[in-house]
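Please load the model in your viewer and keep the selection tool at hand. The stops below go one at a time.

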Amino acid sequence: MPQPTRIALVLGIRPDVIRASLILRKLRESAELDLTFIWSGQHYSDNLKDIFFRELGVAAPDVELGAHGETDAEVSSEVIRRLYPVLSELDPAAAVFLGDTNTVLGSLAAAQLNIPIVHIEGCMRSYDWRMPEEKYRTTIDHLSDVIYAYFDEYKLQGIAEGLNPESIVVVQNLIVDVLQEYYFARKAKYDAIATPAFFNERGIENGGYYLMTAHRRENVGNGRSLEAIMQLVGAADGTVYFPASYRTQRELARLGSELPTNVRLVDPIGYEEFLTLMAHARGVFTDSGTVVEETAVLGVPSVQMRRSTERPQVSDARSSVKCDPAAPESYPVEKVLDRLARLVGTTWEHRLGDGRASDRIVEDLARRARDDGFDTHRSSRMHLDTSRSYGEDGLE
Ligand code: UDP
């Protein structure tokens, strides 16, 4: 039996653990791949990190980089600085990253060491160059040797930028796998959590409240947007339960304005509690990429509070209303709430995936470890003509 191939997976924030939970488990079980799980340290408190490892049954990271900082520049440069010697020592066949955060800028350390880079959740584009996330995801996609994209439309976006079609593998959306495994397959457990006491303790009524999150820098870093968000949710016809990120709490305190009386602000909560609250809400107000997908799969309507999105599928499915808090005059509160109310009680097909994305990724990583390797850049980079076909060596 050949030695398993060493790969490193580098993650750093709450939704990374959620999205990659099944990949992590399957990589640990793989006889062909030897995983080193590295945590950047971008999120580090129990309620943003460890509780998710416990609830999702994910083994703790093998390496904790402990990269913290006050600014994005400090965090991302610390990730690069601390990851470099770890990768240099490990010398993995590939370094795998997910998403579009400061942690994925750690891929520069892999690039400097010429270690092949794999990007999960690649080729998403909002086409809004004001968003640092758009710059991050474009950067890592162009550094990557292998990209796992959720849908064909994302692959086409990558090809349109000149990325090698052979390096982009379409796998569907990981969040469907996660909800099938941790929610739908354990429905009885969630029904048992959702007792009258559960809702009473939180001051909400089963099915009669809204859930809310807001953490995106375009909303939180801009007082006018945060005020517009509060005006919107303040006009909702029910209590708005708001587990708020610490940064959002700091910004709200700095603004000094009173919260609307129907908003109940709490610290960030664990996944089981959040899933229970999502599933029983009348609707969800959020600027999170993951939450709009989760609500689409759970059958709960949402309002996506951001100017542009790299996740248009939830609007296509008619599960979500989008509004830009920075332009409240274009999105009057009554209109947004009316459109949300019209979604309540409707059903839709989410078309986000079949629950096999994690399998596809782990199988493809194992196949590359066995056969091709991870370096897909042997051929010409002139792939803009998508009608051309390529042989095994990447040549026409
Ligand atoms: N979430 C959670 N507790 C909370 C808020 C969110 O478990 O208090 C989960 C949520 O279900 C989703 C993920 O965290 O899976 C979203 O994280 P976030 O909004 O920070 O990131 P984004 O999706 O925008 O990348």
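What follows is a tour, stop by stop, of strands, a ligand site, a helix and several salt bridges.

**Before you start**

This is a predicted model, in which local features need pLDDT of at least 70 and side-chain atom pairs count only at pLDDT 80 or more, while totals for chains, interfaces and linings use all residues. Residues are numbered from 1 along each chain as its sequence is written, and side-chain values use heavy atoms, with hydrogens and water left out.

**Stop 1: strand β11**

Select residues 283-286, strand β11. Helices (H or I, at least four residues) and strands (E, at least two) are DSSP runs, numbered from the N terminus. In a regular strand the side chains alternate between the two faces of the sheet. Here Gly-283 and Phe-285 take one side, Val-284 and Thr-286 the other, and all are buried. Buried means under 20% relative accessible area, exposed over 50%, partly exposed in between (1.4 Å probe, protein chains only).

Strand β8 (residues 210-213) pairs with β11 in the parallel sense, over four bridges. Two strands count as paired if DSSP finds at least two bridges between them. Look for Tyr-210 opposite Gly-283. Strand β12 (residues 302-305) also runs parallel to β11, joined by three bridges. There, Ser-302 is the bridge partner of Val-284.

Show helix α14 (residues 289-298) as well. β11, α14 and β12 make a right-handed β-α-β unit. Right-handed means that, with the strands pointing away from the viewer, the path from the first strand over the helix to the second runs clockwise.

**Stop 2: strand β9**

Start again from Tyr-210, which stands opposite Val-240 in β9. β8 and β9 pair in the parallel sense over two bridges. Select β9, residues 240-243. Val-240 and Phe-242 point one way, Tyr-241 and Pro-243 the other, and all are buried.

Next comes strand β10 (residues 263-266), which pairs with β9 in the parallel sense over four bridges. Arg-264 in β10 is the bridge partner of Tyr-241. Follow the chain from β9 through helix α12 (residues 246-255) to β10: this β-α-β crossover is right-handed.

**Stop 3: the ligand**

Which residues come nearest to the ligand? They are Arg-14, Ile-269, Ser-288, Thr-290 and Glu-294, out of 18 residues around the ligand. A residue is near if one of its heavy atoms lies within 4 Å.

- Ile-269: a polar backbone atom is 2.7 Å from a ligand nitrogen.
- Ser-288: an N or O atom of the side chain is 2.8 Å from a ligand oxygen.
- Glu-294: an N or O atom of the side chain is 2.6 Å from a ligand oxygen.

Taken alone, the ligand exposes 540 Å², and the protein buries 93% of that. Accessible areas come from the Shrake-Rupley method with a 1.4 Å probe; for residues, only the protein chains shown count as cover.

**Stop 4: helix α13**

Select residues 271-279, helix α13. Seven of its nine residues are buried, so the helix is largely enclosed by the rest of the structure. The buried ones are Tyr-271, Glu-272, Phe-274, Leu-275, Thr-276, Leu-277 and Met-278.

**Stop 5: salt bridges**

How many salt bridges does the structure hold? There are 39. A salt bridge is a side-chain nitrogen of Lys or Arg within 4 Å of a carboxyl oxygen of Asp or Glu.

Select Arg-216 and Glu-133, whose closest N and O atoms are 3.0 Å apart. Arg-216 sits in the loop between β8 and α10 (217-220) and Glu-133 in helix α5 (residues 132-143), so the pair ties together parts 83 residues apart in sequence. Both Arg-216 and Glu-133 are buried.

Move on to Glu-310 and Arg-137, which meet in a salt bridge at 3.2 Å, N to O. Glu-310 is in the loop between β12 and α15 (313-316) and Arg-137 in helix α5, 173 residues apart. Glu-310 is buried at 1% relative accessible area. Arg-137 also counts as buried, at 1%.

Finish with Arg-368 and Asp-364, a salt bridge with its closest N and O atoms 2.6 Å apart. Being four residues apart in helix α17 (residues 357-372), they are separated by about one helical turn.

Note on methods. A polar contact is a pair of N or O atoms within 3.5 Å; within protein, one must be able to donate a hydrogen and the other to accept it, and residues adjacent in sequence count only if both atoms are side-chain atoms.
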